[in-house]
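My notes follow the structure below.

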Amino acid sequence: MARTQLPKLDTLSMVTMGLLMAVQLVLSRFTIGNQFIRLSFTFLVVALIARWFGPWWGMLTAAVVDIVGTLLTGNPYFVGFTVSAVLGSLIYALFLYQHPVSWPRLIIAQVLIALLVNTVLNTLWLTIMYQTPFWALLPMRLLKQAIVSPIQIVLLYLLFKSHVTQTIYHRLTR
């Protein structure tokens, strides 16, 4: 019986991943916007980890950061949001890991995350947690994703095309 195991990491990769996880935890404390439309920059770190380290490490770090972040805030933990974090990381990895970064790949990945994860699943989790009507929440959450997703796509493209990001990526993949 074949065992699936995480790809081995060298010291530089482990340190980089740990730093990115710490950055993600810090960034999760800062958002831009109002109560309806809030933009956090943690998606940038999730996408970086997924691109640089692949689906297995991406999903593992997404789960760990979600759990640790929830514990640090004192908010109630709900496993559904961990599932969403893992699925979002998996989608980024499927479109970005070992593939050239392009507008179509970024757009498809972000639209899938916006629709499946952020709109449908996260709305379902909120419905379960707070006994709110799913169909009452859905339109507003869909509108939010329609506004935020184009901004996220542009930010992801700028991040992945930056000289610093490309230099680190080439250093990690040697």
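I began with helix α3, residues 79-96: its 18 residues reach 26 Å from first C-alpha to last, close to the 26 Å expected. Helices here are DSSP runs of H or I with at least four residues, numbered from the N terminus, and the expected span is 1.5 Å times one less than the number of residues.

I noted that this is a predicted model, where local features need pLDDT of at least 70, side-chain atom pairs count only at pLDDT 80 or more, and totals for chains, interfaces and linings use all residues. Residues are numbered from 1 along each chain as its sequence is written, and side-chain values use heavy atoms, without hydrogens and water.

After α3 comes Gln98, with a positive phi near 60 degrees.

How far does α2 span between its end C-alpha atoms? I read only 16 Å, whereas a straight helix of 32 residues would span 46 Å. α2 bends by about 140 degrees at Gly54, and Pro55 follows within four residues; the bend is the angle between axes fitted to the seven residues ending there and the seven starting there. I also noted that 24 of the 32 residues of α2 are buried. Just after α2, Gly74 has a positive phi of about 85 degrees.

Key: Helices (H or I, at least four residues) and strands (E, at least two) are DSSP runs, numbered from the N terminus. Buried means under 20% relative accessible area, exposed over 50%, partly exposed in between (1.4 Å probe, protein chains only).
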